Amino acid sequence: MRAEPEPVVKALPPENERGILRTETLLVLALSLGASAVSSLISFIGSLTKPGGLKDQAATLNGSHAPGRPWLDLAWQLFGIGTALVPVLLVAHLLTREGVPGLRVLGFDRTRPGWDLARGALVAAGIGSAGLAFYLAARASGANLTVVPEALPDVWWKFPVLILSALQNAVVEEIIVLAYLLRRLGQLGWSPMAALLASSVLRGSYHLYQGIGGFLGNMAMGVVFVLAYRRWGRVAPLVVAHALLDIVAFGGYALLAGKVGWLPTP
């Protein structure tokens, strides 16, 4: 049986190296999802202080950047997706400089595609149904904004861009907030429980722009993903699961919004 990579490194580096790793981790987060968490908090405060309830406001995930100009819009969409992946390339570079095989040490490779796809699909099926029910309940209670997964124009590149956006979200979040962060926190001496809480709270924080429901639901998802990653030693199945969740959410909204009564729209 193939030995799986250890998701969290237990050995503590010397004190000066721990300081370097601590600074590195903060910089990676500041360039990526840590900054998104701060932006999300500011957005949530704005929603709370705006007249009217949260459910009467909307949070759009994939919107047009150049309305009425489809080719320019496409260029901006692809630019945004591409630049969002740069922190992942930075993480791969930093891990290679550490003397390990880049993202392979996190279990992000093509060595077990069938296994990764099957596990990812199972996780997505379980979380997807529970997540939708939780979102509908949170919005009905007034704890969540109306989430608009997509508001793109009806052009030929709409669904390809939504799929690329879903893949980008999955790769960035699971590589950085799950696999990389757990590895670094383990090297810095954090306990498994403290690292789990840090990863999960961070995941919830950069979804706070959706409301309290978005924060709590994604934090719970983070706990599940951390436990699964530690059990399997591979981040690839969680990237698959996240990508499937977003593809279904984005594409499903595009196909069903305004056509079914149970799906909230602005």
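**Exercise 1.** How many helices and strands does the secondary structure of the chain come to? State also the order in which the elements run.

*Solution.* The model is a predicted one. Counting its secondary structure gives 9 helices and 2 strands. Read from the N terminus, the order of elements is α-α-β-α-α-α-β-α-α-α-α.

**Exercise 2.** Compare the radius of gyration of the chain with that of a compact globule.

*Solution.* Step one: the chain has 266 residues, so a compact globule would have a radius of gyration near 18 Å. Step two: the chain itself has 19 Å, which agrees with that value.

**Exercise 3.** Describe burial, contacts and surface in the chain.

*Solution.* Of the 266 residues, 45% are buried. Next, take contacts between residues at least 6 apart in sequence: 78% of these join residues at least 24 apart. Finally, the accessible surface comes to about 13100 Å², and carbon and sulfur atoms account for 69% of that area.

**Exercise 4.** Which residues form a nonpolar patch on the surface, and which helix gives the most to the patch?

*Solution.* The patch consists of Leu-78, Ile-163, Leu-164, Leu-167 and Ile-247, which together have about 370 Å² of accessible area. Helix α6, residues 158-187, gives the most, with 3 residues.

**Exercise 5.** Is Leu-167 buried, partly exposed or exposed?

*Solution.* Leu-167 lies in helix α6. Its relative accessible area is 38%. Buried means under 20% and exposed means over 50%. The value for Leu-167 lies in between, so the residue is partly exposed.

Methods: Residues are numbered from 1 along each chain as its sequence is written. This is a predicted model: local features need pLDDT of at least 70, side-chain atom pairs count only at pLDDT 80 or more; totals for chains, interfaces and linings use all residues. Side-chain values use heavy atoms; hydrogens and water are left out. Patches are made of residues with over 30% relative accessible area and no salt bridge: like charges are joined within 9 Å, nonpolar side chains (Val, Leu, Ile, Met, Phe, Trp, Tyr) within 5 Å. Accessible areas come from the Shrake-Rupley method with a 1.4 Å probe; for residues, only the protein chains shown count as cover. A salt bridge is a side-chain nitrogen of Lys or Arg within 4 Å of a carboxyl oxygen of Asp or Glu. Helices (H or I, at least four residues) and strands (E, at least two) are DSSP runs, numbered from the N terminus. Buried means under 20% relative accessible area, exposed over 50%, partly exposed in between (1.4 Å probe, protein chains only). The radius of gyration is taken over C-alpha atoms; the globule rule is 2.2 Å times the number of residues to the power 0.38. Contact means heavy atoms within 4.5 Å.
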